[in-house]
Amino acid sequence: MRSEYVLENINLALTNLFKNDEKVVLIGEDVADPYGGAFKVSKGISTIAPDRVIATPISEESFTNMAAGMAIMGYRPIVDLMFSDFTTLILDPLLNFASKFVSMYGERHELPMIVRCANGGYRGYGPTHSQSMQKYFMGIPNLSVYEMTPFHDNEVVFKRMFWEGNPCIFFEEKTLYSSKMFKSGKINNLFNFSFKGKNDNWAVVSSESGVDAEIAVICHGGLTNVCLNAVEKLMMNNEVETKLFIPSKLYPCDVTEILDELLPIGRLLIVEESVEGANWGNEILGRLCYTHNGKIPLTLKLLSSKASIIPASLAYEQKVLVSEDDIIREALALME
């Protein structure tokens with residue numbers, strides 16, 4: 001059974017992994033009880049498996065390297081990095097060791113490990129604890145990038161990442177922890193969802209009205225609630241029907257799996273929280289261009305957060321990060 005809230009769901013996923021797989025280990029700062037991690041995601045795990053939860057000093061690079069070594073030795077480590085801002089400290093072990101180890105010896109060697117990190121803003125945590133860091137890990141061979149969504153059961157996603165046999169990084173939007181998991185294909189009285197693509201990678205949200213969508217929106221999991229609110233307002237206030245596409249795996253991400261739905265709609269808005277420039281949205285645009293030899297039969301718009309550090313003031317943070325109003329404004333501009 002999927003638990004009701006996202007935080008409960010991810011905690012249950014970890015609990016079941018530790019109960020059913022003796023090779024799974026958890027590594028990171030303050031992960032043991034009674035603290036249970038920065039957002040209580042790992043609460044109770046050290047009680048279940050005290051010998052497989054390793055609380056570390058503040059040394060992200062060293063314990064990420066340690067986790068990669070344990071993965072080589074047959075363990076399945078999960079690294080808790082607290083905030084995604086700290087991922088800059090582990091770029092070297094991920095780029096120059098873990099990801100390369102998979103294929104640099106002339107044959108494939110599995111290195112199943114997961115790096116978890118709380119991600120994103122909208123909480124007023126300031127410039128060092130609010131960034132959306134996915135874009136800095138795109139394009140690294142053998143490194144997969146995932147993001148938590150309220151649609152995808154986290155136990156299934158964790159097993160999928162381990163099954164890959166590659167190092168994976170898993171971004172968890174802080175604002176989603178208190179959100180409800182969406183179940184049984186229903187979001188509310190206005191919207192349903194279904195899955196599409198290999199491993200059900202894409203959650204596809206559509207209106208219950210049955211009216212054809214006029215705009216398609218692609219966003220990553222952390223912006224689900226922001227986009228859902230914007231899509232609802234577009235429908236209720238502007239009579240604009242929108243279909244929303246949200247992947248579990250961000251990179252590599254096969255956008256061709258949803259092309260048969262995008263093309264008939266004709267208008268596509270890509271929305272992400274990362275700041276402008278060399279980001280996931282550009283990766284999606286590039287793959288669309290490649291698929292159609294540069295001639296995309298879609299009217300396109302990419303909406304990102306502003307090219308700025310994230311202010312500590314909530315009022316100023318809201319001016320930098322993508323908002324519902326931004327999405328509504330750009331969607332209506334596409335309609336024109």
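The protein chain has 10 helices and 13 strands; helices (H or I, at least four residues) and strands (E, at least two) are DSSP runs, numbered from the N terminus. Its radius of gyration is 20 Å, close to the 20 Å that the globule rule gives for 336 residues, so the chain is as compact as a globular protein of that length. That radius is taken over C-alpha atoms, and the rule is 2.2 Å times the number of residues to the power 0.38.

Before I go on, the basis. This is a predicted model, with local features needing pLDDT of at least 70 and side-chain atom pairs counting only at pLDDT 80 or more, while totals for chains, interfaces and linings use all residues. Residues are numbered from 1 along each chain as its sequence is written, and side-chain values use heavy atoms, with hydrogens and water left out.

Along its principal axes the C-alpha trace spans about 60 × 45 × 40 Å. Of the 336 residues, 55% count as buried. Buried means under 20% relative accessible area, exposed over 50%, and partly exposed in between (1.4 Å probe, protein chains only). Among contacts with a separation of 6 or more, 77% come from residues 24 or more positions apart, a contact being heavy atoms within 4.5 Å.

Now the cysteines. How many disulfides are there? The count is 0, taking a disulfide as a pair of cysteine sulfur atoms within 2.5 Å. For Cys168, the closest cysteine sulfur is in Cys117, 12 Å away, which is too far for a bond. Cys168 is also buried, at 1% relative accessibility. Cys219 is in no disulfide either; the sulfur of Cys227 is the nearest, at 3.7 Å. Cys219 is buried as well, with a relative accessible area of 0%.

Next, the charged pairs. Side chains of opposite charge can pair when their charged atoms come close. The whole structure has 15 salt bridges, each a side-chain nitrogen of Lys or Arg within 4 Å of a carboxyl oxygen of Asp or Glu.

In one of them, Lys180 pairs with Glu4, with the closest N and O atoms 3.1 Å apart. Lys180 is in the loop between β6 (167–173) and β7 (191–196) and Glu4 is in the segment before α1 (6–20), so this pair ties together parts 176 residues apart in sequence. Lys180 is partly exposed at 43%, and Glu4 is partly exposed at 37%.

Another joins Glu172 to Arg116, where the closest N and O atoms are 2.6 Å apart. Glu172 sits in strand β6 and Arg116 in strand β4 (residues 113–119), so to speak distant parts of the chain, 56 residues apart. Buried or exposed? Both Glu172 and Arg116 are buried.

Helix α7 (residues 259–265) holds Glu261 and strand β10 (residues 242–247) holds Lys243, so parts 18 residues apart in sequence are tied together. Glu261 is buried, at 19% relative accessibility.

Finally, the surface spot. Met73 lies in the loop between α3 (60–72) and β3 (76–83), and Met73 is exposed, at 64% relative accessible area.
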